[in-house]
Amino acid sequence: MITFTIALLLLIAGYVVYGAYVNRVFGPDNRKTPAVTMADGVDYIPLPTWKIFMIQFLNIAGLGPIFGAIMGAQFGTASYLWIVLGTIFAGAVHDFFSGALSIRNGGESLPEIVGRYLGLTTKKVMTVFTMILMILVAAVFVSGPAELIAGMTPDWMDAYFWIIIIFLYYVLATLLPVDKIIGKVYPLFAIALLFMAMGILVMLYLKNPDLPEMWNGFGTKYEKNPIFPMMFISIACGAISGFHATQSPLMARCMSHEKHCRPIFYGAMVAEGIVALIWAAAATYFFQENGIIDQLTGKAFSGAAVATRISNEWLGAFGGILALLGIVAAPITSGDTALRSARLIAADFLHIDQRPMGKRLLICIPLFLLTISVLVYSLSDAEGFKIIWRYFAWCNQTLSVFTLWAITVYLVREKKNYYITLLPALLMTLVCSTYICIAPEGLSLPQPVAYGIGGACMLIATIWFIAWFKKETQKRL
């Protein structure tokens with residue numbers, strides 16, 4: 001528990017110290033925000049800061065900080081290290097600037113921001129890439145919570161029943177003004193999610209399990225895949241996630257002051273990192289007690305099975321239900337805002353006014369049909385879901401690469417400390433390029449070859465940046 005406690009304290013200290021530094025680098029001022037200057041009663045609506053934080057926290061806290069952390073726990077204490085360092089120096093910085101730059105540029109969606117700094121061609125590619133990711137998010141974040149709810153309801157309310165109910169909710173949350181459903185329901189969901197995390201945290205200290213410590217080694221007997229890059233992809237939302245950058249502009253359109261960027265964007269990511277850390281520790285203890293194979297089924301424990309067992313056994317019947325509702329709320333509230341974000345991205349790209357309901361439907365109907373198609377494929381069999389999830393995970397982290405590079409260009413042009421995003425950009429370039437080379441759903445190359453290609457990609461990115469930086473410097477002379 002010593003390593004876990006140190007990691008928890010470091011996350012809190014990271015918000016206080018490094019979060020304050022990142023905020024100074026950006027330099028918030030008193031200019032009027034898009035929520036005030038572009039208010040439309042649908043997407044640009046000023047909301048209270050506490051409510052925006054709750055919404056942002058739920059938007060970004062999908063299955064990643066829970067199921068991803070559970071899978072990442074099989075890599076041992078290395079998961080703690082990545083959650084802490086990834087959250088403080090990569091994920092929170094990534095989320096902060098994607099939201100801050102949206103505020104500075106009229107509430108622009110992510111592809112518009114990336115295109116502003118990386119060029120028109122990159123903008124077009126990012127628009128398509130981001131739309132695909134949003135559809136994947138909406139699809140994979142339906143079946144997981146549906147299965148969990150089905151386990152708490154009568155038999156006739158099976159997973160397919162709840163899939164339909166959740167998707168109908170997605171339709172309403174995507175079409176209606178942000179303050180009608182999202183602004184009212186999310187604070188309640190956030191309370192359930194925070195209760196779940198705090199309940200598990202308290203039980204960890206009460207049980208005081210003999211968890212492995214970092215100085216005893218990073219590895220574990222539960223995972224045969226290499227820590228790098230597999231763990232960095234598995235623990236996506238709990239350390240850094242490109243999906244978050246698509247959500248920050250949603251809340252940037254509701255903020256009344258730039259000074260709120262730090263608690264809302266940086267703070268929400270740190271809160272998610274804490275949730276991921278708690279579940280990584282709880283899962284480590286669970287695996288120590290039960291192994292990774294369910295003796296009843298003979299199959300490896302799924303993330304849902306581990307989360308359900310821990311919640312019920314540690315928090316009792318009532319607490320377990322509240323905890324599971326928190327777990328359910330996380331993916332549902334990411335899935336609906338994924339589709340909402342997709343609508344706004346398409347509207348920005350096509351320049352379609354979103355105030356009339358008819359024009360919202362013009363974008364949403366094809367969007368819903370595409371999502372249903374992916375969902376049907378993912379439900380066809382267990383392998384279908386695994387394939388969709390893996391591609392979602394890789395697309396998610398690849399999106400963070402583009403976002404970090406765009407922010408780096410912005411910082412260079414503004415003559416600010418660009419190293420705070422350059423270093424994470426290089427790391428994630430290495431992670432994503434290596435993963436697609438080594439992963440079973442990718443090229444399945446031998447480890448030495450995959451590492452070599454990943455290193456080459458990072459080297460090329462470094463050379464590209466140096467060459468661009470020299471040209472940019474010459475322009476100023």
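**Exercise 1. A charged pair**

R116 is partly exposed, with a relative accessible area of 42%. State which residue forms a salt bridge with R116, and whether that partner is buried or exposed.

*Solution.* This is a predicted model, in which local features need pLDDT of at least 70 and side-chain atom pairs count only at pLDDT 80 or more, whereas totals for chains, interfaces and linings use all residues. Residues are numbered from 1 along each chain as its sequence is written, and side-chain values use heavy atoms, leaving out hydrogens and water.

Step 1. A salt bridge requires a side-chain nitrogen of Lys or Arg within 4 Å of a carboxyl oxygen of Asp or Glu. The partner of R116 is E108, and their closest N and O atoms are 2.6 Å apart.

Step 2. A residue is buried under 20% relative accessible area, exposed over 50%, and partly exposed in between (1.4 Å probe, protein chains only). The relative accessible area of E108 is 15%, so E108 is buried.

**Exercise 2. Further salt bridges**

Determine how many salt bridges the structure holds, and which parts of the chain the pair D43 and R343 ties together.

*Solution.* Step 1. The structure holds eleven salt bridges.

Step 1. One of them joins the side chains of D43 and R343, with 3.0 Å from N to O. D43 belongs to the loop between α2 (34-37) and α3 (49-60), while R343 belongs to helix α13 (residues 303-350), so the pair links parts that are 300 residues apart in sequence. Helices (H or I, at least four residues) and strands (E, at least two) are DSSP runs, numbered from the N terminus.

Step 2. D43 counts as buried at 4% relative accessibility, and R343 counts as buried at 0%.

Step 3. D353 and R355 also form a salt bridge, their closest N and O atoms being 3.3 Å apart. D353 is partly exposed, with a relative accessible area of 32%.

**Exercise 3. The whole fold**

State how many helices and strands the protein has, and why the protein is described as being as compact as a globular protein of its length.

*Solution.* Step 1. There are 17 helices and zero strands.

Step 1. The radius of gyration is 21 Å, close to the 23 Å that the globule rule gives for 477 residues, so the protein is as compact as a globular protein of that length. This radius is taken over C-alpha atoms, and the rule is 2.2 Å times the number of residues to the power 0.38.

Step 2. Buried residues make up 60% of the 477 residues.
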